[in-house]
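User: I'd like to learn how to read salt bridges and domain contacts in a model like this one. Could you walk me through it?

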Amino acid sequence: MTVSETSDVKARRLSSADYADNFSDIHPPLTPHEALVEADRCYFCYDAPCMTACPTSIDIPMFIRKIQAGNPVGSAKTIFDENILGGMCARVCPTETLCEEACVREAAEGKPVKIGLLQRHATDTFMEREQSHPFQRAAPTGKKIAVVGAGPAGLSCAHRLATHGHDVTIFEAREKAGGLNEYGIAAYKTTNDFAQDEVEFVTEIGGINIENGKALGRDVTLDQLASDYDAVFLGLGLPGVNALGMEGEDANGVVDAVDFIGVLRQAEDLSALEVGRRIVVIGGGMTAIDAAMQSKLLGAEEVTIAYRRGQEHMNASLYEQELAQTHGVVIRHWMMPNSLHVSNGAVTGITLERTELDASGKLSGTGETVTLEVDQVFKAIGQTPDAGPLAGADIALEKGRIRTDEARRTSHPKIWAGGDCIAGGEDLTVVSVEDGKIAAESIHQALIG
Amino acid sequence: MADLSTNFLGIKSPNPFWLASAPPTDKAYNVERAFEAGWGGVVWKTLGEAGPPVVNVNGPRYGAIWGPDRRLLGLNNIELITDRDLEINLREITEVKKRWPDRAMIVSIMVPCDEQSWKAILPRVEDTGADGIELNFGCPHGMSERGMGASVGQVPEYIQMVAEWCKQYCRLPVIVKLTPNITDIRYPARAAKAGGADAVSLINTISSIVSIDLDNFAPMPTIDGKGSHGGYCGPAVKPIALNMVAEIARDAETRGLPISGIGGIQTWRDAAEYIALGCGTVQVCTAAMTYGFKIVQEMTQGLSDWMDEKGYATLADFQGRAVPNVTDWQHLNLNYITKAKIDQDLCIKCGRCHIACEDTSHQAITSMVDGVRHFEVMDDECVGCNLCVNVCPVDDCITMVEMTEGTDPRTGRPIDPDYANWTTHPNNPMAKQAAE
Ligand SMILES: Cc1cc2nc3c(=O)[nH]c(=O)nc-3n(C[C@H](O)[C@H](O)[C@H](O)COP(=O)(O)OP(=O)(O)OC[C@H]3O[C@@H](n4cnc5c(N)ncnc54)[C@H](O)[C@@H]3O)c2cc1C
Ligand SMILES: Cc1cc2nc3c(=O)[nH]c(=O)nc-3n(C[C@H](O)[C@H](O)[C@H](O)COP(=O)(O)O)c2cc1C
Ligand code: SF4
Ligand code: SF4
Ligand code: SF4
């Protein structure tokens, strides 16, 4: 088949009302009455399975009971005890594969208690109503800790260290703190500049100083930090993106999905964002879903996700896949990119090849292809670690990511790490928060204990 | 289809559902609507003596207890008897009864505790054509401070005295409505019977404070910063009322005395329970005040369907059937042994049964077996108390299973198939020796 010679990428595909509508809160908060009724569904389970399933081990039955007893502020404190980013996690956690999957009401009637929305109810109420931070700092210890990266891992670590009375300096390469909470999470999951409000809330504890625009490896070195500070925590995330490794990848219209989402999150005026009419997203994770959904919401007409394996292999949960599908995104499984068609420097088509698993379980192309006309191709095939900034310090890696022990200690005695940049994690906000918390406790033990 | 018609003291009604004396029966407008909706009868809102009508508060009259979805569980009120003019009430009663001859029309009365007052009002009520009278000896607030209502109902001698006056000055059947605000309901019931009353009805409302407003530190409902105890009713009071009805139904002195059951009746099932305890009719107030008159259609239909299913053609077929099964603790069979059993297929593993038994009962339910969540009853620790059944959120997931043979693994004693109770138990110092 022949592919057209021009591509159609433009802004203002929709009316301004449509933009506001499309990017409003995807799961509107519960009203106070809804929260009471939903909270009453919780059985206050013994040794609650939801709590075991929560990476940060929030005492879920207790916080729900406090909502039910008319004490949402106390409920929020229970949440913040274990997860200081409980507000963001309430918005972005894939609860369908975490706490809510484990809820006994899922087993009973396929309708778990809406734990995520209840958590949001409690934390929102707290942040709207309470003037003061829920924790007080312990007496100053005189210890100084450097945290690199102000993403969920770094913020969580800094907060826990500050409560123990330590002084923390965060070095953050970007203009704003928050990490992917600010630059990566889909716009309709965190509206009204919540990420920045949360950074403010977390740092209200005191003793945390964020230095924005300071990059490790450019403005400071790891050796320097390790000698100037009593301990260092690395929460660098995954700065690189995987490449398709294909001819035409640098053509106009071939876009890194994480960048696309980041630009969208920072946009003052969504209608000014350009988007193609026909889009193919390559990948099968949350990033692929988010990019597909958001391009659709920006006015793209045909959006297809091409994933090289089957539905059951996708990293995005079934729920997220359905969400995309009900927004009109087509998901095509067992399809991998074969070649890009470029005309006048812009991508105009993509040929996908059908795949299958051979007898040994290896994925291979079948030779059968489909060619789609496209205006944009989004790459969402995973982010990559960057060991560059670690140069100089002797830190062991594992598949490019930092190796840590149970306590999130690296091979360097004064350096800890957590979040997406370490090996073996799950690349979720809540897991990063837990890493930061564990590391902070370990650092505290090492410095004081 | 089952026949729901009743004949209570000679008063006929097409079904046993009467509206209790309260706001729903305060005027012709409501009562007409009630009859249109299908109620079998009404007890007209309590009339007082001639003269200036009583005065209600002009602020809130109700306090409430709710479930989380604001389902009304209990209601309390500080309302008084009717505050409408006696003449108007009597005229309306006459007119409504004339229009609805097949429905029961009972008139509730409360006047001061002297013969003259009763002698004055009774003939006027009789003239309305009403089918019977109900004596309000129950209102716990306001009127009781004036020596009426519950303050009469708490003194059996007064009950008997007033009942006698009513029988003397009036040809209508007399129903004495009892107050639950008393330690032993059998005494006022016996007094009513001794006074010649034809029946008792119960319960009236229970003295109560439903809540304290934690901003103003005053009871609800609050009138200008103060609150007073009110009368409690609604679903929450049914257990108390059922017990009182049962006490009267099985008391040697009052057995067989007709009873109109009242208190927390919300559905046909509640009504069937009252009837099974011997009641000839039932009265409803809060449920109607919560949902409107239409609920009577659920009640009549539900009762009729259940009776059809069970093969009961008339109410008499099951009326009082539960009375012989109400007994004293000392007569319960001590050789009846049960153990809880958990249906593992139904269990959703919430662990409620475990923690209830572990923290507050007999440590008889596991939480973990071979490293996984698993809830199972250990027969050698289970006393059969039933707590786990009550806390389990899944229907029929835990059942109590009777042991009929072998040895009780908890006590090590063999199961004795014969009945034996406390009266002859060796540990009972007052155990009655066998006769021979
Ligand atoms: C598009 C997308 C959508 C996602 N959606 C979800 C979701 O819905 N739910 C969910 O749970 N998870 C989601 N995730 C995953 C989640 O965002 C990450 O797991 C989480 O943010 C990781 O936290 P982190 O602190 O390790 O890293 P990051 O959030 O990446 O933060 C790292 C921080 O370090 C800074 N940094 C990096 N290098 C340097 C340096 N050399 N010097 C100084 N600072 C540096 C970065 O600027 C950044 O601020 C998503 C991820 C992506 C990419
Ligand atoms: C607002 C209100 C007013 C009442 N007034 C009277 C009354 O005037 N006379 C009376 O005998 N009982 C009165 N009652 C008591 C009811 O008749 C009935 O006995 C009681 O509410 C229990 O029934 P229930 O649980 O169905 O409401 C009143 C109850 C309420 C709620
Ligand atoms: S599993 Fe469900 S019901 Fe049980 S405590 Fe957690 S949220 Fe409540
Ligand atoms: S019946 Fe009572 S003792 Fe037996 S398992 Fe249940 S709660 Fe425990
Ligand atoms: S309470 Fe019922 S559902 Fe819950 S663990 Fe026990 S048996 Fe299972």
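User: How many salt bridges does the rule find across the interface of domain 1 of chain A and domain 3 of chain A?

Analyst: Some ground rules to begin with. This is a predicted model, where local features need pLDDT of at least 70 and side-chain atom pairs count only at pLDDT 80 or more, while totals for chains, interfaces and linings use all residues. Residues are numbered from 1 along each chain as its sequence is written, chains are lettered from A and ligands numbered from 1 in the order in which they are written, and side-chain values use heavy atoms, with hydrogens and water left out. Now, a salt bridge is a side-chain nitrogen of Lys or Arg within 4 Å of a carboxyl oxygen of Asp or Glu. Between domain 1 of chain A and domain 3 of chain A, the rule gives one salt bridge. Over all chains the count is 44.

User: Which stretches of chain A make up the domains?

Analyst: Domain bounds come from an automatic or database domain assignment. For chain A that gives domain 1 (9–23 + 241–379), domain 2 (32–128) and domain 3 (144–239 + 385–448). The C-alpha centres of domain 1 of chain A and domain 3 of chain A are 31 Å apart. Their contact (heavy atoms within 4.5 Å) takes 14 residues from domain 1 of chain A and 16 residues from domain 3 of chain A.

User: What area do domain 1 of chain A and domain 3 of chain A bury between them?

Analyst: The size of an interface is often given as the accessible area lost when the parts come together. Buried area here is that loss with a 1.4 Å probe, summed over both parts. For domain 1 of chain A and domain 3 of chain A, the figure is about 1100 Å², with 49% of it on carbon and sulfur atoms. On the domain 1 side, Phe23(A), Arg265(A) and Gln266(A) lose the most area, together 50% of what that side buries.

User: How many residue pairs are in polar contact across that interface?

Analyst: A polar contact is a pair of N or O atoms within 3.5 Å; within protein, one must be able to donate a hydrogen and the other to accept it, and residues adjacent in sequence count only if both atoms are side-chain atoms. Between domain 1 of chain A and domain 3 of chain A, six residue pairs qualify, both residues at pLDDT 80 or more.

User: Is Lys97(B) buried or exposed?

Analyst: Buried means under 20% relative accessible area, exposed over 50%, partly exposed in between (1.4 Å probe, protein chains only). Lys97(B) has 12%, so it counts as buried.

User: What about Arg190(B) and Glu253(B): how far apart are the closest N and O atoms?

Analyst: Those atoms are 3.7 Å apart in the salt bridge of Arg190(B) with Glu253(B). The pair links helix H6 (residues 186–194) of chain B to the loop between helix H7 (238–250) and strand E15 (259–262), 63 residues apart. Arg190(B) is buried at 17%, whereas Glu253(B) is partly exposed at 48%. Elsewhere, shared partners join Asp184(B), Arg186(B), Glu247(B), Arg250(B) and Asp328(B) into one network of salt bridges.

Conventions. Helices (H or I, at least four residues) and strands (E, at least two) are DSSP runs, numbered from the N terminus. Buried area is the accessible area (1.4 Å probe) that two parts lose on being put together, summed over both.
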